[in-house]
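Here is a short report on one structure.

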Amino acid sequence: MSDLQKPSSSNGAPLQGERSPEEIEAAQAADAHDAATGLQDELASLKAKNADLADQYLRAQAEVQNARRRADDEVSKARKFAIESFAESMVPVIDSLEAGLAAKEATAQQIREGTEATLRQLKSALERNKVIEIAPAPGTRFDPHQHQAISAVPGTNQEPNTIVGVLQKGYLIADRVLRPALVSVSAPN
């Protein structure tokens with residue numbers, strides 16, 4: 001249809017409700033512009049969110065690295081100074097031994113008393129540092145986690161696998177066997 005054939009009002013304008021091709025094209029352009037603007041706004045928002053998440057990630061990574069470094073430093077210091085407490089408790093024992101050796105005119109009784117006092121001091125220092133004796137009493141059930149059987153004694157009146165005697169004390173350090181007690185056990189009848 002040509003412009004002459006299109007229905008129009010008496011003044012030549014398109015009929016009401018109908019739009020001209022220019023108006024339709026302008027509306028489509030406006031809609032496309034609005035959609036493009038919306039997409040640009042959404043893209044800008046997503047870029048900002050992405051930058052924020054990247055920043056949070058970098059900060060979290062840095063915090064993890066700092067925590068790991070601090071933990072490594074603490075472990076290194078703990079290893080380096082773990083023995084410090086033990087060494088501090090041993091120094092008085094050394095002093096006592098040196099004082100005993102310095103005594104030139106000591107009697108056998110005095111040497112014995114000094115040795116016993118030094119032994120008590122040593123045992124006390126070990127206990128403060130969680131080193132505990134394993135010295136099972138006769139009749140105690142044999143525990144392979146803390147005892148090492150050296151011999152089996154036949155003909156005892158005890159139940160089989162009970163301790164008859166201790167040949168050498170053992171030691172625990174914080175519930176871990178440092179050295180098992182060497183024991184003799186009753187043999188099965």
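## His147

This is a predicted model. In it, His147 belongs to strand β2, which covers residues 147–153. His147 has a relative accessibility of 6%. Buried means under 20%, so His147 counts as buried.

What does His147 touch, leaving out residues up to four places away in sequence? Its partners are Ile134, Pro136, Arg141, Phe142, Ile163, Pro180, Ala181 and Val183.

## The largest nonpolar core

Three of those names return here: Ile134, Ile163, Ala181 and also Val183 are among the members of the largest nonpolar core. Leu172 and Val185 belong to it too, and the core has 6 residues in all. Strand β6 (residues 181–186) gives the largest share, 3 residues.

Val183 is one of the core residues.

Two elements each give two or more residues to its lining: α2 (84–102) and α3 (108–128).

Which residues line this pocket? They are Ser96, Leu97, Ala99, Gly100, Leu101, Ala103, Ala106, Gln110, Ile111, Gly114, Thr115 and Thr118. By class, the lining has 6 nonpolar and 6 polar residues. It has no charged residues.

Terms used: Residues numbered from 1 in each chain as written. Predicted model: local features only at pLDDT ≥ 70, side-chain atom pairs only at ≥ 80, totals over all residues. Heavy atoms only, no water. Helix = DSSP H or I, 4+ residues; strand = E, 2+ residues; numbered from the N terminus. Buried < 20%, exposed > 50% of the residue type's maximum accessible area, 1.4 Å probe, protein only. Contact = heavy atoms within 4.5 Å. Core = buried A, V, L, I, M, F, W, Y, C linked by side-chain atoms within 4.5 Å. 1 Å grid on protein atoms, 1.4 Å probe; cavity = no way out; pocket = protein on both sides within 12 Å on 5 of 7 lines; lining within 4 Å. Nonpolar A, V, L, I, M, F, W, Y, C, P; charged D, E, K, R; others polar.
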